Amino acid sequence: MIDQDTRDRILAAPEALLEDRDVMQALIGANDRAVGGNVVDLRGLAMERLNQKLDRLEDTHRTVIAAAYENLAGTNQVHRAILQLLEPMDFAGFLATLTGTVTQTLRVEAIRLVIETRSEGPVPDPASGAIYAAKPGFVNDYLTRGRAMARPVMLRQTLPDPGGIYGDKGDWIRSEALLRLDLGEGRLPGLLAMGAEDPHQFKPTHGTDLLIFFGGVFERVMRKWLA
């Protein structure tokens, strides 16, 4: 039997029971046991299914909110990086910003600007490590690896490559974002490579809209410096 004090509290505020999911489930379970195994309680089954649907809706709601915050954070990162690229007054400062503050803002370990050139001599590199000079056709080969058609932006996991485009940081790179660059009519294509230590930072299943926008701005800035 319920003691008088508990009974009085329930009668005084019965809505408290209705708002407590665990209590309601316990009451439903007690009712199912009371009616016996030969009786099907359709109301109880309906409530159980509604509870399951509510749980799924709550999970979806949390997932949508988390994705929205993540997208907002990514948008803010890209916007800050673009503003930083527009600040330098000379090309050397531009390259230094690219490998410095922009790299930190985008939270990657390395950024390399790959430039194809027909010249046999060395390519000037005012900011050490910013530019990787390559022969014609390198950009397409690096993007496709002989297996697929090149896209404007490619996200993928990668293996350590200390002698590759990331230089001495290649030992730590486990995923990369590759932005193909159109540097203008009459010029060979370029590539902006972003390398991350986290193997899950850049995956083929991730969206590329923000990186496409960033690549478009970067192309226009590079054309200004190359003019």
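With which residue does Arg223 form a salt bridge, and how far apart are the closest N and O atoms? In the predicted model examined here, the partner of Arg223 is Glu219, and the closest N and O atoms of the pair are 3.8 Å apart. The overall architecture of the chain is described before this pair is placed in its surroundings.

The protein chain contains 8 helices and 5 strands. Followed along the sequence, these elements occur in the order α-α-α-α-α-α-β-β-α-β-β-β-α. Of the 227 residues in the protein chain, 33% are buried. The accessible surface of the chain amounts to about 14700 Å², and carbon and sulfur atoms contribute 56% of that area. Among contacts with a sequence separation of 6 or more, 56% are accounted for by residues 24 or more positions apart.

Charged side chains were considered next. Side chains of opposite charge can pair when their charged atoms come close. With a limit of 4 Å between a side-chain nitrogen of Lys or Arg and a carboxyl oxygen of Asp or Glu, the count of salt bridges comes to 3. One of them joins the side chains of Glu176 and Arg156, with an N to O distance of 2.9 Å. Glu176 belongs to strand β4 (residues 175–181) and Arg156 to strand β3 (residues 153–157), so this pair ties together parts of the chain that are 20 residues apart in sequence. Both Glu176 and Arg156 are buried.

A salt bridge is also formed between the side chains of Asp182 and Arg223, at 3.8 Å from N to O. Because Asp182 lies in the loop between β4 and β5 (190–196) whereas Arg223 lies in helix α8 (residues 209–226), the pair ties together parts that are 41 residues apart in sequence. Asp182 counts as partly exposed because its relative accessibility is 43%. Arg223 is likewise partly exposed, with a relative accessible area of 29%.

Glu219 has a relative accessible area of 13% and so is buried. Through salt bridges that share partners, Asp182, Glu219 and Arg223 are joined into one network.

When residues up to four places away in sequence are not counted, Phe91 touches Ile131, Met222 and Trp225. Phe91 and Met222 are 131 residues apart along the chain, and their C-alpha atoms are separated by 9.2 Å.

Glu176, by contrast, is buried and is paired with Arg156 in a salt bridge.

Conventions:
Residues numbered from 1 in each chain as written. Predicted model: local features only at pLDDT ≥ 70, side-chain atom pairs only at ≥ 80, totals over all residues. Heavy atoms only, no water. Helix = DSSP H or I, 4+ residues; strand = E, 2+ residues; numbered from the N terminus. Buried < 20%, exposed > 50% of the residue type's maximum accessible area, 1.4 Å probe, protein only. Contact = heavy atoms within 4.5 Å. Areas by Shrake-Rupley, 256 points an atom, 1.4 Å probe, with all protein chains shown as cover.
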